[in-house]
Amino acid sequence: MKFSNEFIEQVRQANDIVSVISDYVSLKRQGRNFWACCPFHNEKTASFSVASDKGFFYCFGCHASGDVFKFIMMKENLTFGEAVTRLAERAHIPLPVIEKSAQEIERERKIAQLYEVNEMAGNFYHNCLLKTHYGTTGLDYFHKRHLDDDTILRFKLGYAPDSWNKLTEAFMKKGISGTLLVTLGLAKEKNGRFYDAFRNRVIFPIKDGRGRIVGFGGRVLDDGKPKYLNSPETPIFNKRRLLFAMDIAHKSIYEQQNVILVEGYMDVIAAHNRGISNVVASLGTSFTTEQARILQRQAKELILSYDMDTAGRKATLRAMEIVRGMGMRIRVVSLPQGKDPDEYINSAGPDAFRTAVNDAPNVLDYMLQTAMQQYDSSTLEGKAAVTTMIMPALAAVDNRIILEAFLTKTARQLQIDESAVRSEFNKYIAQHPETGQLQVHVSKDILDKNMAARGTGTMAVAEENILRFLMEQPKACERIQAKIDVEFFMNEKRRNIYQIVLNVYGHQGMYTKSDIQEKLTPEESEELARIMVLQDIPMDEAVLMDYVKRFRLAELQKRYEIHSKKAAAFSHSGDTRFVEELTECKRIKEEMKKWS
């Protein structure tokens with residue numbers, strides 16, 4: 001259900017964030033804020049802060065952040081609409097009545113029927129496995145794969161009998177049409193006759209985040225093809241938007257703030273069977289942006305445990321590209337003898353797998369190690385091959401500081417001049433503009449080492465106070481906009497937030513916190529939450545502008561001195577560029593007058 005912003009604000013106002021969060025953790029007031037040990041990761045020292053007056057929370061440890069709706073979404077694994085509904089019920093606010101058309105009512109009825117039939121199918125396969133002689137073959141298979149009975153029950157594993165029509169016949173007798181079974185991928189049709197799609201296969205139910213069965217995967221137990229058969233896309237099953245076992249793993253992923261992504265159903269189930277519960281798998285498809293978004297809401301780190309052959313390395317590169325800009329770290333697990341997680345966990349034990357995960361290098365180190373193992377880096381040809389192999393991974397890096405450091409590290413590992421590696425990087429991104437990367441300096445004396453400090457210090461304080469003030473005082477937006485240009489913000493995330501505030505204000509004439517939050521990326525939303533819970537001193541608009549003015553003038557004065565020195569140097573050497581520098585000095589002077 002989609003709610004109006006007015007209703008959302010009504011629910012927000014009726015649910016004090018401190019009261020809501022206190023239902024889950026014990027908060028203690030310290031200064032203006034309330035503090036607790038974070039409910040989203042294990043810690044002994046309280047780093048979870050709640051700003052009651054601003055309605056935001058932020059964890060300085062794991063960076064979980066947001067408003068009262070985001071807290072409920074994260075804690076209860078709900079969608080935004082479900083969180084609004086939950087909080088409305090908590091505050092005894094009746095949900096708005098939205099009249100549905102006959103078409104909408106019929107569509108909802110059909111969707112509900114699809115879920116119901118899938119649940120029936122899940123029970124059918126599960127009962128065949130555990131309660132009939134047909135399932136003996138399937139049960140033997142699962143036991144040989146070291147699964148205990150609790151795991152079989154938890155995943156509701158099943159077996160499809162070696163018969164053409166056991167499910168189809170049973171369901172059609174209950175009044176379920178063959179056409180509906182075909183729609184769900186449970187049956188197929190030929191010459192007007194319907195027959196079972198899954199036969200002589202162990203069955204893996206696939207569930208959505210709410211635990212509803214939306215599809216099935218089946219593994220053949222003989223030499224039949226294909227080895228794995230999955231449900232087709234249906235009105236309730238889109239494999240790009242689902243991760244196998246996410247309904248079971250989400251709590252552990254929240255708590256550990258990392259997720260292990262594997263390839264197969266049995267890799268996931270073997271891990272959970274041995275107590276490793278933050279493991280999920282993509283559903284017979286490449287890792288997708290939609291799946292990354294699901295994981296990003298719950299974890300800060302993605303750990304890949306793929307078969308690291310050529311296809312596995314390509315999948316790793318794709319994962320890097322997908323999570324670029326999402327703020328997720330990536331590490332890569334490399335298991336001995338090329339074993340998959342299922343084999344390794346059952347042969348070496350869960351502790352050995354945990355050790356492999358803990359020791360897994362970040363994705364860049366993994367790519368460099370793999371390349372140096374594949375090629376002889378003592379030769380010129382080998383050095384060139386290693387450099388070529390890692391360039392796609394370097395081009396997918398979204399942090400400039402990490403990129404700069406790794407270019408230096410690569411040169412050191414290969415024992416070659418750093419400028420050569422940098423030149424190869426520039427050549428690669430010139431040939432691949434879709435990476436969106438910028439050229440790097442090709443100089444041993446890498447310039448602008450202080451780039452990492454950009455956006456910190458006094459300017460950062462000014463930026464934070466501007467955004468905090470605007471979130472609390474929307475009526476002042478027009479006046480602030482007239483005095484503070486977007487380019488004032490040196491930090492990209494804070495600049496984007498400011499631009500969004502201006503855009504929303506320009507479009508609506510006024511805004512609420514919900515109006516702003518719904519337009520932010522997850523990274524921007526996290527930054528805003530961090531700002532809102534920072535301890536601050538009360539300030540009115542006049543104090544804020546004086547505060548901003550002093551920092552702006554200081555920045556302009558520094559720039560004026562730099563260009564003035566350049567102009568003097570060019571003048572002494574007879575270089576005509578001194579005219580350009582004088583022009584820039586004049587322009588800066590004019591801007592300083594505006595801020596005086």
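The exercises below, each with a worked solution, concern a predicted model. In this model, local features need pLDDT of at least 70 and side-chain atom pairs count only at pLDDT 80 or more, whereas totals for chains, interfaces and linings use all residues. Residues are numbered from 1 along each chain as its sequence is written, and side-chain values use heavy atoms, with hydrogens and water left out.

**Exercise 1.** Determine which face of helix α6 is buried, and what packs against it.

*Solution.* Begin with the extent of the helix, which spans residues 136-144 and has Gly 138, Tyr 141 and Phe 142 as its buried residues; buried means under 20% relative accessible area, exposed over 50% and partly exposed in between, with a 1.4 Å probe and protein chains only. Helices (H or I, at least four residues) and strands (E, at least two) are DSSP runs, numbered from the N terminus. An α-helix has 3.6 residues a turn, so residues three or four places apart point the same way. Finally, the partners of the buried residues of α6 are α5, α7 (149-154), β6 (158-160), β9 (201-207), β10 (213-220) and α11 (265-273).

**Exercise 2.** Describe the largest nonpolar core and the surroundings of Phe 204.

*Solution.* A nonpolar core is a set of buried Ala, Val, Leu, Ile, Met, Phe, Trp, Tyr and Cys residues joined through side-chain atoms within 4.5 Å. The largest one has 60 residues, and those with the most contacts inside it include Phe 142 and Phe 204. Helix α5 (residues 102-131) gives the most to this core, with nine residues. Turning to Phe 204 and leaving aside its neighbours within four places in sequence, one finds it in contact (heavy atoms within 4.5 Å) with residues including Phe 142, Leu 157, Tyr 228 and Phe 244.

Key:
The arc is that of the directions from the helix axis to the C-beta atoms.
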